Amino acid sequence: MTVYIDPPTWPGHGRMWSHLVSDASFDELHAFAEELGIPRRAFERDHYDIPAHRYADVVRAGAVEVSSREVVRLLHSSGLRRPKGRIQPRSS
């Protein structure tokens, strides 16, 4: 199981955020997040939003650090990319 995280460079709600993704399946991604106590409400279409203060915890748990550009490339190449504005099936 491999999950990936980009640096916390995305501003929102007074914080900086990272994106946590899988290149294999949403089930894998949800399982990893659940192990860390990351709530499902942090899942947005194809990634989890991770606040900067949790970044080191997620990396210690096994997430591979990649660039934001690489996160997008991984999502596209795996077929897991879900762009905004499209109606998406509910994830399990």
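# Close-up views of the predicted model

**View A. Asp6 and its polar partners.** The backbone nitrogen of His19 lies 2.6 Å from a polar atom of the Asp6 side chain. The Asp6 side chain also makes a polar contact with the side chain of Trp10, at 3.2 Å. A polar contact is a pair of N or O atoms within 3.5 Å; within protein, one must be able to donate a hydrogen and the other to accept it, and residues adjacent in sequence count only if both atoms are side-chain atoms. This is a predicted model: local features need pLDDT of at least 70, side-chain atom pairs count only at pLDDT 80 or more, and totals for chains, interfaces and linings use all residues. Residues are numbered from 1 along each chain as its sequence is written, and side-chain values use heavy atoms, with hydrogens and water left out.

Asp6 sits in the loop between S1 and S2. Its relative accessible area is 0%, so Asp6 is buried. Buried means under 20% relative accessible area, exposed over 50%, and partly exposed in between (1.4 Å probe, protein chains only). Leaving aside neighbours within four places in sequence, Asp6 is in contact with Ser18, His19, Tyr55, Val66, Ser67, Ser68 and Val71. Contact means heavy atoms within 4.5 Å.

**View B. The protein chain as a whole.** Three helices and six strands make up the elements of the protein chain. From the N terminus on, their order is β-β-β-α-β-β-α-β-α. Helices (H or I, at least four residues) and strands (E, at least two) are DSSP runs, numbered from the N terminus. The protein chain has 92 residues, and 38% of them count as buried. Among contacts with a separation of 6 or more, 60% join residues 24 or more positions apart. The accessible surface comes to about 5600 Å², with 51% belonging to carbon and sulfur atoms. Areas come from the Shrake-Rupley method with a 1.4 Å probe; for residues, only the protein chains shown count as cover.

**View C. Strand S3 and its partners.** Six of the eight residues of S3 are buried. S1 and S3 run antiparallel, joined by three bridges. Here Tyr4 has Val21 in S3 as its bridge partner. S2 and S3 also pair in the antiparallel sense, over three bridges. Trp10 stands opposite Trp17 in S3. S3 and S5 form an antiparallel pair over four bridges. In S5, Tyr48 is the bridge partner of Leu20. Two strands pair if DSSP finds at least two bridges between them.

**View D. The largest nonpolar core.** This core has 15 residues, and those with the most contacts inside it are Leu20, Ile38, Tyr48 and Val58. S1 (3-5), H1 (26-35), S5 (47-51) and H2 (55-60) each supply at least two residues of this core. H1 gives the most, with four residues. A nonpolar core is a set of buried Ala, Val, Leu, Ile, Met, Phe, Trp, Tyr and Cys residues joined through side-chain atoms within 4.5 Å. Beyond its neighbours within four places in sequence, Ile38 is in contact with Leu20, Ala33, Tyr48, Ile50, Arg54 and Val58. A second, separate core of six residues includes Tyr4, Val66, Leu74 and Leu75.

**View E. Helix H1 and its ends.** Phe26, Glu28, Leu29, His30, Phe32 and Ala33 of H1 are buried. The buried residues of H1 pack against S1, S3, S4, S5 and H2. Ser25 caps the N-terminal end of H1: a side-chain oxygen lies 3.5 Å from the backbone nitrogen of Asp27. After H1 comes Gly37, with a positive phi near 75°.

View F. Most residues other than glycine have a negative phi. His13 takes a positive phi near 55° in the hairpin of S2 and S3, which has two residues between the strands. His13 is exposed, with a relative accessible area of 80%. Arg45 has a positive phi near 65°. Arg45 lies in the loop between S4 (43-44) and S5. At 21% relative accessibility, Arg45 counts as partly exposed.
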